[in-house]
Structures are given as C-alpha cells and as structure tokens.
There are 2 protein chains.
Amino acid sequence: MGNANRQPTTISDIARLSGVSKRTVSRVINNSPKVGKATREKIQSVIDELNYRPNAQARGLAAGCSYLLGLIYDNPDGLYIDEVQRGVLSVCRGLGYELVVHPCDWRSDTLTSEAIGFVNRSKLDGVIVLPPISEDNDLAGAFRKAQVRYVRLAAIALDTADRVVIANERSAVAAMAEYLVNLGHRRIGYIAGPEGRKSTRERLEGFCDALAKHGCAPCEDMIARGAYTFESGIACARTLLERPEPPTAIFASNDEMAAGVIYTAQEMGMKVPGDLSVAGFDDSMLATKIRPSLTTIRRPVREMARLATKKLIASIDGREDEARVGVFLDPVLIIRDSTRSIHWWREVNSHPEGS
Amino acid sequence: MGNANRQPTTISDIARLSGVSKRTVSRVINNSPKVGKATREKIQSVIDELNYRPNAQARGLAAGCSYLLGLIYDNPDGLYIDEVQRGVLSVCRGLGYELVVHPCDWRSDTLTSEAIGFVNRSKLDGVIVLPPISEDNDLAGAFRKAQVRYVRLAAIALDTADRVVIANERSAVAAMAEYLVNLGHRRIGYIAGPEGRKSTRERLEGFCDALAKHGCAPCEDMIARGAYTFESGIACARTLLERPEPPTAIFASNDEMAAGVIYTAQEMGMKVPGDLSVAGFDDSMLATKIRPSLTTIRRPVREMARLATKKLIASIDGREDEARVGVFLDPVLIIRDSTRSIHWWREVNSHPEGS
DNA sequence: ATGAAAGCGCTAACAG
DNA sequence: CTGTTAGCGCTTTCAT
C-alpha cells in the first residue's frame, strides 16, 4: 500500500524491503533448503504482500532455461489436441511451466529443422511430441543430437522409458476382439487406418492375433483399408458388406469410420446392432451422439499427457530415475449400444473357456 | 566449418568475426536503416554462415518484450480452440511470435489475477481472449489497467475497434430466420443457450427480431432454454414438441443441441425434415455426421483468429491505425438436409417479398 | 555510420 | 546460513 508503483516488483525490491541480499531472496524463490526459517518467512511475507513474481525471462537467461515446454503435432483431431494440452497444463500449473504450441506439417521436408528452430528460438526446456509425428525417428534423433529433451506419445515402444508414454493399443484391440468373439461373432470385419503409421499396424495385428488366439482364422479378406474419415468408413463398409458372406460385426479403427459404417449399414436396410455389430476406437464426441451409441475404446489421453509432462520435467530437473517410471497406460473398452450378441435372445455364456 | 562448437553462437561472436561492435550487429538484426551497405552485407554473411539466431530471452529482457502471445479461454469445445490456435499461429509464423496457451476456469474468483499473473510471469506481449471469457469486462478493465494489450473475440461490440473482432451473429441468425420463414415455416421453435452470456441474448434477439420483421409473432412460448449440450437439446425438443401446437421447425443455437432435437424427433416417430425442420449453429464435426446432415451457421473462426492476431501485433508494433481496421466478420448459412420447405412438394417461391 | 558502456532481472560460483 | 560479485545475450542511451 502506498507505493502503488507502475513498475513491476523485482528481486531487488524484495531484497531491500526484507533487509537481505538478492541471493537470499533467490534462494527462497527457488526453494533452496539453506535458508533460515525466520529469514524465509520474512522474505515470503514481503513477496506475498507485493505479489511479486520473478521475471521468467531474466530467470531463464541467467539459469539457461526458459520454463517453457513445447507441444509439437500434426493431428487434425482438435479434440485430441485440446485434451492433451489440458493434461500437460494441469501438471505445468504450480511447477511454473508454460506451454507453447506448435502444429505443423508432418510431410514437410523441413519438419525437423523447423522443429529444432522452434525449440532453439524460444529456448524451450523440452517438447512433447504427438502421434503421428511422434513415430518419426529422424526427428527424435535430431532432437537427441541437438540436446533437446523430448517425450513422445505413442502406441508402441519406440524410445527409451524416459522418452515415451505408450497407450497399450495392442491389448485394447485384443480386448475388443475377445469381446466380439464372446458375443458369438465369427465373421468380423476390420477397417484399418492409412498405411505408413505404426499404430495402424499395431491395431491391426493386435486385433488379428487375438482373433487367432480364439480360433477365428485371421481375417484376411475381412480387412478394408480406410483413411480415418467418415467417408472412407462408408466406402469400406460397402466393400465389406457386399461380400457373399458379409461380416456380422465390424470393428473400425476409429469412431469416424465406425460412424460411416453404421450409416451405411442403415442405408442398406440392416439394423445395428441387430444385423450388424459395429465398434470404433477413440470414444470421440461422435460416439454418444449417433444412434445407436458406439461401442469403442478410449485411450487415457489426458493421463498420458500428464505422465509425459511429469517425465519431461523430471528429466529437466535431472531426476532421471523419476523420468523413467510409468510408460504404459491402458485404454479401456467402452460398451454401448452398437454391439450385441449374435444370438442375443439365447443368453450366450460369455466366460472365455481358454486361459 | 571447423569450429563446430557446442555453444550456440552469440551476438559477440558475430561482432568479433565481422570486425564490428555488437551495436552494429544489433542494428542489422533489427533492420535499422543506419548501417552502411558494405557493413551490413559483411555482417549478414557471417550471420548466415554461422546460422546465428538471436536469443529471444536475452532480446526480450533487454528490450522489454518477449515475442510471446497468450491465448486465454474457458471453452469446452476443443475443435473451436484448435481452430483458433491454428489461425493465430498462421500469422505468428514469419513475424517471429509464439503462442502460449492458457485454458482456465471462467467462474473462478481469481480469474483476473491469474490472467494478469499469466501475462506478467511470461512477459507476454499481448493476449487474445476467447468467448465466453471475452465477455468479461472486469477482466478487460484489469488488462487495461495493467497495460496488457489484448484483443477479444466476441459476438457483440464490447470494446474499441483495436481490441475486438466480432462475428456478426445477429445477422447470421437473422438470415436463418429468414430462410426458415421462406421455407414456409410459421411456428418456429428456438432453443437458446444458457443465460448470462451476452451471445445467448444476441442470437435470441437477432432471431426473434428477424421473425417479427417477417410478420411472425415473436416466438414467446416457442423458446426453450438449453445448455449447449446434446442432453439439453433432447429435453428442450421434448418440451417444444409436446405442445398442443408443436413447431414445424426448430432452430437450436448450437449443433449439439440440434443433434439432440433430431434424435428426439426421430424417437417420437417424426421424420426430419419431413415433419420437422431442424437447424443448428457452429457447423461442428457433428453437422455432417448425423442423418439428416445439419443445416447450420458457420462462424469464420480461423479468420477471426487471424484478424485478432494481426491487430494485436500491429498494436504491439505501435501501428495503432492498423490495429483498428476490420472488426466485423460474417458467419455463413450452410444449408444441408435437415431443413425443408413445409410444402416442399408444391415448389414454394422463396423470393422474399419485402425489402 | 559506428562504438563504448550501462544495464534488463535473475542465478551461481565463491567466499565468509 | 548469508552476502559479494560476475555474468547470461541482447538493447540502448550517449558519444564520436
């Protein structure tokens, strides 16, 4: 009160008003243990009273860091991005980090140099990389060479434990396969994502392996290749359903395509789930807003983002051991109205007999 | 070549290697005109050769800026957020600015102090504020008092021209009203958003005024109050459709609620658009993925974000006149399959007779 | 047109 | 436990 100065408070003000040196104030700011209790409290009270906040630029310049994290992605799914950002920020809060976002073009030849430039320009302390860019090992290599800390979100183990957080999609799709088999389905269609992504293969293999394990011949001609779009879901559904022996269930590897499948089936006069069970992947906003609501798989996106951020900050702080804990997170199978037992009126026993 | 040093190049390196002082290098970096042509070229060549990039932290600390913009919002719609971010970044690119994101809680009592803290901590050069927080005049006032530059995205003119970009929602909903009237509808239901937001009122008034202008008694008992959710759309639709004289068309003030209306109508055995026309607002991803596809209104979100960013940076650069140009952007009416003439088999003449 | 020198606000040896 | 003293890399008066 009184000196309502326009100039923001600095560490020198705090030092002067507390009757100590800047060094000691600095210690309090940085939670150094080597400060007397009384001194610390005195300083803290002055800090609180003036609502002092250290200047991150100056801090960074002196300490060689920025308290800035970066988020690098080329993913058209705004909901996924938003979810990740909120997860990241939920752990940044209180740790004093801020998040700088960087959507970019996966296919650009300058992806790597741009990414490095992004990090250097703002002196980012670390970056989190989202799929599908996270699958780019060249980029990861460039980061390592440039001494840029990073953590990737992925579906498979493509880096060391301190640099990756993995949604165990293989086990998730396996659970889906089992679920469908237990519902009595034997002819099960699969709509894959675009080629070239590792997670596409991971989901497909995981699904087929699980089917095989349950005695269903791996689904060779029951596989269609989509593009993660509604329209491609329609096209693939048509292909699958026009076969002489059409599937009784279709698992599309994302919700948009699954929505396309339901639409197509209904257009063709089939009832979902009566004549055809349909399942998706993502638990997107679509899942509960189409009829029937969609059985799907939900990745713990926000949790993954939180974990990735914790790892990254642990690594920045030099707590390398902590940066290594926790890698795999399990997606969960969400059963809604688009799937049904093939003989639902008979009450199928759904206990798996093997294992 | 040769001195592949791990230390990043600094301005001093450039100065030494070019045989000039740091001051002159600084002039070149900042495009000062007062540098001899020969000197400039010499320095530039050294800069290029070493691929030197000035340290943004140091630059900011010395110059009192950060080349960082902030984005403040409390909006659950991830797609909207993502769209805005991409818009903002598309103009940041090349101007050397980065974007720091800050989702927060609208209702928190500490919203203002947190927002100011956010800006001060990272010494942001300016912030863009999204609805509904952008409607908070206390926050805006606090920003002005704290000398924080900002631009708000909004639906009404709640600030000076250099501080706001407006989607003309009033004219957009008026166009929708006109469209529905021209289809022959007279009993038109309206599902409003939650109270307390100015844009809620703006849309409602704009719609009713337009109806009145076309001779439809303003829709008093045809108005239901939703919450921008699918479920609330269902509830409101039920209310509206169970009236003795149900509407022949319903305009829901966002797509989610419109989807709920379509769902409910179909549940009740009505055909959309045969028995009931339905329209939404947002052109969300839902719009093309439900059946029938949704007639709706699309705001130029990305364009608004771009314009807001241009204004903000113009203001930062002191080009105040430039910061004032362009305020209103027009949403567009998108006609799909969920609306139809009330007498569609008769070929209604859709030319408005007034005007 | 160019340079010398004083900081921006903070951290970090290195004493004491 | 606390203070002194240099910088971090850049901008910016003020001279020349």
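**Figure 1. The open sheet of chain A.** In this predicted model, chain A contains an open sheet of 4 strands, arranged in the order 7-6-8-9 with parallel pairing. Strand 7 (223-225) and strand 9 of chain A are the edge strands, each of them pairing on one side only. On average, neighbouring strands of this sheet are turned by 15° against each other, direction ignored.

Figure 2. Strand 8 (residues 249-252) of chain A is joined to strand 9 of chain A by 3 bridges, in the parallel sense. Within this pairing, A249(A) stands opposite S277(A) of strand 9 of chain A. Helix 9 (residues 198-213) of chain A lies across strand 6 (188-192), strand 7 and strand 8 of chain A. The direction of helix 9 of chain A runs at about 165° to strand 6 of chain A. Helix 10 (residues 230-241) of chain A also packs on the sheet, where it touches strand 6, strand 7 and strand 8 of chain A. Between the direction of helix 10 of chain A and that of strand 6 of chain A the angle is about 150°.

**Figure 3. Helix 1 and helix 2 of chain A.** The axes of helix 1 (residues 11-18) and helix 2 (residues 22-29) of chain A cross at roughly 110° and come within 8 Å. Helix 1 of chain A is therefore roughly perpendicular to helix 2 of chain A. Helix 1 of chain A contributes I11(A), S12(A), I14(A) and A15(A) to the contact, and helix 2 of chain A contributes K22(A), V25(A), S26(A) and I29(A). Sorted by class, the residues of this contact in chain A are 5 nonpolar, 2 polar and 1 charged.

**Figure 4. Two backbone features in loops of chain A.** The peptide bond that leads from V272(A) to P273(A) is cis, and its omega is near 10°. P273(A) belongs to the loop between helix 11 (255-267) and strand 9 (277-279) of chain A. Y67(A) is placed in the loop between helix 4 (56-63) and strand 1 (68-73) of chain A.

Figure 5. In chain B, 4 strands form an open sheet with the order 7-6-8-9 and parallel pairing. Its edge strands, each pairing on one side only, are strand 7 (223-225) and strand 9 (277-279) of chain B. Strand 8 (residues 249-252) of chain B runs parallel to strand 9 of chain B, and 3 bridges join the two. I250(B) has V278(B) of strand 9 of chain B as its bridge partner. Helix 8 (residues 169-182) of chain B packs on the sheet and touches strand 6 (188-192), strand 8 and strand 9 of chain B. The direction of helix 8 of chain B makes about 170° with that of strand 8 of chain B. Helix 9 (residues 198-213) of chain B packs on the sheet as well, touching strand 6, strand 7 and strand 8 of chain B. For helix 9 of chain B, the angle of about 170° is taken with the direction of strand 6 of chain B.

**Figure 6. Helix 1 and helix 2 of chain B.** Helix 1 (residues 11-18) and helix 2 (residues 22-29) of chain B pack with their axes 8 Å apart, at an angle of about 110°. This angle makes helix 1 of chain B roughly perpendicular to helix 2 of chain B. The residues in contact are I11(B), S12(B), I14(B) and A15(B) from helix 1 of chain B, together with K22(B), V25(B), S26(B) and I29(B) from helix 2 of chain B. By class, 5 nonpolar, 2 polar and 1 charged residues make up this contact in chain B.

**Figure 7. The cis peptide bond of chain B.** V272(B) is linked to P273(B) by a cis peptide bond with omega near 10°. The loop that holds P273(B) lies between helix 11 (255-267) and strand 9 of chain B.

**Figure 8. The contact between chain A and chain B.** Chain A supplies 43 residues to the contact and chain B supplies 42 residues. Between them the two chains bury about 4,000 Å², of which 57% is on carbon and sulfur atoms. In chain A, the residues that lose the most area to chain B are Q57(A), E98(A) and K289(A), together 17% of what that side buries. The count of salt bridges between chain A and chain B is 4. The side chains of K289(A) and E256(B) meet in a salt bridge, at 3.0 Å from N to O.

Notes
Residues are numbered from 1 along each chain as its sequence is written. Chains are lettered from A and ligands numbered from 1 in the order in which they are written. This is a predicted model: local features need pLDDT of at least 70, side-chain atom pairs count only at pLDDT 80 or more; totals for chains, interfaces and linings use all residues. Side-chain values use heavy atoms; hydrogens and water are left out. Two strands pair if DSSP finds at least two bridges between them. Contact means heavy atoms within 4.5 Å. Axes are lines fitted to C-alpha atoms, for helices over the stretch in contact, and angles run from 0 to 180 degrees between N-to-C directions. Angles under 35 degrees count as roughly parallel, over 145 as roughly antiparallel, 65 to 115 as roughly perpendicular and the rest as oblique. Ala, Val, Leu, Ile, Met, Phe, Trp, Tyr, Cys and Pro count as nonpolar, Asp, Glu, Lys and Arg as charged, and the others, Gly among them, as polar. Buried area is the accessible area (1.4 Å probe) that two parts lose on being put together, summed over both.
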